[in-house]
Amino acid sequence: MLNLERLRTLDALARHGSVSGAAEGLHITTSAVSQQMSKLEREVGQQLLAKNGRGVRLTDAGRLLADHAARILSQVELAQSDLEAQRGQVVGELRLAAFPTAARGLFPAALAGLRSAHPGLRISSSEMEPESAVLAVIRGDYDLAVVLDWYNKPLPMPDGLVKASIVDDTADVAMPATHRHAHRSEVDLEDFADDDWVTWGESEFCHEWLMHTLRSKGIEPRVAHRAEEHPTQIALVGAGLGVCVAPRLGRGPIPEGVRTVPVRQSVSRHIYAVWRADADRRPSIRAAVEALKSAAVKAV
């Protein structure tokens, strides 16, 4: 009889590509991963891992069994989901991820509400950029992720996921209070063709959106500063070092010396939750989505 936890370890190895990645995804030590795999090899009577430089790779038998493990674990997830749905109780463990402004703007109220309403539910959460969060949900490392589409740039979405809308988040342009456009009630992005921009990390989805949007308007953006967090971006703007896009969710108080002005042709991002289709009937997923929607009403 194949041991389910050892199959889970093999599946994590196949998904993460390394012992350390599997250990991190499973929240166990690398030694525990190695021990589980040694036991699984003894159970099946075949070598499942082979050395590959300083790491390991799956053998042909390892890949074959890993394919079966993925299907078996998906069926187990579906069975657990159906049992939870039949009981109708919001219980068990729920692992959530969200990009930073959603984590700051939605998680405190939503997760506190979930904990109060459903004391039998164990909740954990992490900040994670949208593309990474989607992959983490597909891998099974998280149960639900809060991600986003910009109004003119959707986030690539693999098959096998279900999603639900949470809120539309409007973004303004933040500029120094002394900026030539700071007195206006509305602006266009084209108005900042000659300004320095404060933006996100180069490979981040939001940075790629900003570059795509400005270039589509005939602007070659001059990126002067990069910061992961919006408060840092706003602080740089307040020091007179450029302008930035400032979404309203999780933004917090605007400091003196900074003015935010709406964009005439609204700039917004659609925020939604995603989870695996095989977990779609879990009451805890549904409860989390409703809690996020309730938190969003007060947040934007």
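1. **What H6 packs against.** The buried residues of H6 pack against S3, helix H5 (100-105), strand S4 (121-127), strand S5 (144-150) and helix H10 (283-299). Contact here is heavy atoms within 4.5 Å. Helices (H or I, at least four residues) and strands (E, at least two) are DSSP runs, counted from the N terminus. Bear in mind that this is a predicted model: local features need pLDDT of at least 70, side-chain atom pairs count only at pLDDT 80 or more, and totals for chains, interfaces and linings use all residues. Residues are numbered from 1 along each chain as its sequence is written, and side-chain values use heavy atoms, with hydrogens and water left out.

2. Helix H6 spans residues 107-117, and Phe107, Ala110, Leu111 and Leu114 are buried in it. Looking down the H6 axis, those buried residues fall within an arc of 90 degrees, so they line one face of the helix; the arc is that of the directions from the helix axis to the C-beta atoms. Pro108, Ser116 and Ala117 sit on the other side of H6 and are exposed. Buried is under 20% relative accessible area, exposed is over 50%, and partly exposed is in between (1.4 Å probe, protein chains only).

3. **Nonpolar cores.** The largest nonpolar core holds 66 residues, and Leu106, Leu144, Val146, Trp150 and Ile166 touch the most other members. Such a core is a set of buried Ala, Val, Leu, Ile, Met, Phe, Trp, Tyr and Cys residues joined through side-chain atoms within 4.5 Å. There's also a second, separate core of 17 residues, with Leu7, Val19, Met37 and Ala69 among them. Back to Leu144: leaving out residues up to four places away in sequence, its partners include Arg95, Leu96, Val137, Trp275 and Leu292.

4. **The largest pocket.** This one has about 950 Å³ of space. It is lined by 33 residues, and Arg8, Glu77, Arg95, Gly140 and Arg276 are the closest to its centre. Which elements give two or more residues to the lining? Helix H1 (4-16), helix H2 (19-26), helix H4 (60-87), strand S3 (92-98) and helix H7 (130-139) do, and H4 gives the most, with seven residues. By class, the lining has 15 charged, 10 polar and eight nonpolar residues. (Charged is Asp, Glu, Lys and Arg; nonpolar is Ala, Val, Leu, Ile, Met, Phe, Trp, Tyr, Cys and Pro; the others, Gly among them, are polar.)

5. **The cavity.** One cavity of 30 Å³ or more turns up in the structure, and the largest cavity has about 100 Å³ of space. Of its 13 lining residues, Pro100, Glu129, Trp200, Glu228 and His230 are the closest to the centre. That lining divides into six nonpolar, two polar and five charged residues. On a 1 Å grid over the protein atoms alone, a cavity is a set of points where a 1.4 Å probe fits but cannot get out, while a pocket is an open set with protein on both sides within 12 Å along at least five of seven lines; lining residues have an atom within 4 Å of a point. Points are joined across faces, edges and corners, and a volume is the space filled by probe spheres set on them.

6. **Whole chain.** The protein chain has 10 helices and 10 strands, and 46% of its 300 residues are buried. Of the contacts with a separation of 6 or more, 74% are between residues 24 or more positions apart.
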